[in-house]
There are 2 protein chains.
Amino acid sequence: MDDHHRFMREAIRLAFEGMRDGAGGPFGAVVVKNGKIIGHGNNRVAASNDPTAHAEIVAIREACRHLGHFQLEDCTVYTSCEPCPMCLGAIYWARPKKIFYACTRDDAAAIEFDDDFIYKEFEMPAEERDIPAIPLLRDEALKAFDEWRDMDGKVVY
Amino acid sequence: MDDHHRFMREAIRLAFEGMRDGAGGPFGAVVVKNGKIIGHGNNRVAASNDPTAHAEIVAIREACRHLGHFQLEDCTVYTSCEPCPMCLGAIYWARPKKIFYACTRDDAAAIEFDDDFIYKEFEMPAEERDIPAIPLLRDEALKAFDEWRDMDGKVVY
């Protein structure tokens, strides 16, 4: 458990650092492989004007650059707060083996971050959400999927 | 409807282009504000070794750079496929007013992308998921949230 605590404390340290630097909200994360941190992140939404620059996304992108690959095989993500839907989705695409988290989505809601609200929106029918999603031109777009299915030499991820 | 079709066809064109260039899967997206495209994206996971480089994320980041802001106020997202959980989460953080999508998550599953699988994982208890999430050191991380709550001059997003 000592290592788990050490890595989580580094994620928490990054949360404090990013918040105090004005980079963004109080969130930090690290990606660990073979006992070594290969990706660091803190929330940088405000500093970079990038709504996707959450701590986990920043850490995953750094770790993937380090590995030269889009998969975080045998990696563990330590994050100072339960991942929001965007970050949990990113973690699934990166495919580490496990996540450790400290604060919860309810704790984030208590300081007025939308994590819990967004999780609840996911459960609504797409056309009734706060940001509605409307179907359009499916038949035309399916032709790209057909071409992908039949393509040789593609990189599958 | 003509404009909606025009913008969606540009998203579909980007899907074909990115796939044929070997950048990644057959997915494209544009962000539109006041009748003008301000963000373009195609999937670039393979080319950039970045699992977060989905079409919508790429388009959102370009649009935010263009606006110099982390919010896509009064914008519309056109995407050639229903957003995956990561991209839907990113859209919620960017806060455009509406989404149009062409293919569905079931269409994506039919060509072996994980979108539908990930949506289903979201509904499982965190510790029982394929990538389990384990709580750790919440009390220590909450101190960063307390400091954020009491901070003057922070950028709220």
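## Order of elements in chain A

From the N terminus on, chain A runs α-β-β-α-α-β-α-β-α-α-β-α. That comes to 7 helices and 5 strands in what is a predicted model. The C-alpha trace of chain A spans about 50 × 40 × 30 Å along its principal axes.

Chain A has 157 residues, and 59% of them count as buried. Among contacts in chain A between residues at least 6 apart in sequence, 47% join residues at least 24 apart.

## Relation of the two chains

Chain A is superposed on chain B by a rotation of 180° with 0.0 Å of shift along the axis, at an RMSD of 0.0 Å. This is the relation of a two-fold axis. In chain A, the C-alpha nearest that axis belongs to A:Met86, at 1.9 Å. Both copies use the same surface, since 100% of the contact residues of chain A recur in chain B.

## The interface

The contact between the chains involves 85 residues of chain A and 85 residues of chain B. About 8,000 Å² is buried between the two chains, and carbon and sulfur atoms give 70% of this area. A:Tyr92, A:Trp93 and A:Phe145 supply 11% of what chain A buries against chain B, more than any other three residues.

Polar and charged pairs also cross the interface. There are 10 salt bridges between chain A and chain B, and 28 residue pairs are in polar contact, with both residues at pLDDT 80 or more. Helix 7 of chain A (residues 138-149) gives the most to the side of chain A that touches chain B, with 10 residues. A salt bridge joins B:Glu147 to A:Arg20, and the closest N and O atoms of this pair are 2.7 Å apart.

## Helix 6 and its cover

Helix 6 of chain A covers residues 115-122 and is mostly covered, with 6 of its 8 residues buried. The buried residues are A:Asp115, A:Asp116, A:Ile118, A:Tyr119, A:Glu121 and A:Phe122.

Which elements cover the buried residues of helix 6 of chain A? They come from both chains: the cover includes helix 4 (85-94) and helix 5 (105-110) of chain A, together with helix 4 (85-94) and helix 6 (115-122) of chain B.

The view from chain B can be taken at B:Gly89, which lies in helix 4 of chain B. Leaving out residues up to four places away in sequence, B:Gly89 touches A:Met86, A:Ile118 and A:Phe122. A:Ile118 and A:Phe122 are among the buried residues of helix 6 of chain A, and A:Met86 has the C-alpha of chain A nearest the axis. B:Gly89 counts as buried because its relative accessibility is 0%, under the 20% limit.

## The nonpolar core

The largest nonpolar core has 114 residues. Which residues have the most contacts inside it? They are A:Met8 and B:Met8.

Leaving aside neighbours within four places in sequence, A:Met8 is in contact with A:Tyr78, A:Thr79, A:Ser80, A:Phe100, A:Tyr101 and A:Ala102 of its own chain, and with B:Leu136 and B:Leu137 of the other.

## B:Cys75 in strand 3

B:Cys75 lies in strand 3 of chain B (residues 75-81). Is B:Cys75 buried or exposed? With a relative accessible area of 0%, B:Cys75 is buried. Not counting residues up to four places away in sequence, B:Cys75 touches B:Val31, B:Val32, B:Lys33, B:Ile38, B:Leu67, B:Pro96, B:Lys97 and B:Lys98. The C-alpha atoms of B:Cys75 and B:Ala11, 64 residues apart along the chain, are separated by 15 Å.

## Positive phi in two loops

B:Asn34 is a residue other than glycine with a positive phi, near 50°. B:Asn34 sits in the loop between strand 1 (28-33) and strand 2 (36-42) of chain B. Its relative accessibility is 72%, so B:Asn34 counts as exposed.

B:Arg95 is also not a glycine, and has a positive phi near 60°. The loop that holds B:Arg95 runs between helix 4 and strand 4 (98-103) of chain B. B:Arg95 is partly exposed, with a relative accessible area of 27%.

Note on methods. Residues are numbered from 1 along each chain as its sequence is written. Chains are lettered from A and ligands numbered from 1 in the order in which they are written. This is a predicted model: local features need pLDDT of at least 70, side-chain atom pairs count only at pLDDT 80 or more; totals for chains, interfaces and linings use all residues. Side-chain values use heavy atoms; hydrogens and water are left out. Copies are superposed by least squares on the C-alpha atoms of residues with pLDDT of at least 70 in both. Contact means heavy atoms within 4.5 Å. Buried means under 20% relative accessible area, exposed over 50%, partly exposed in between (1.4 Å probe, protein chains only). Helices (H or I, at least four residues) and strands (E, at least two) are DSSP runs, numbered from the N terminus. A nonpolar core is a set of buried Ala, Val, Leu, Ile, Met, Phe, Trp, Tyr and Cys residues joined through side-chain atoms within 4.5 Å. Buried area is the accessible area (1.4 Å probe) that two parts lose on being put together, summed over both. A salt bridge is a side-chain nitrogen of Lys or Arg within 4 Å of a carboxyl oxygen of Asp or Glu. A polar contact is a pair of N or O atoms within 3.5 Å; within protein, one must be able to donate a hydrogen and the other to accept it, and residues adjacent in sequence count only if both atoms are side-chain atoms.
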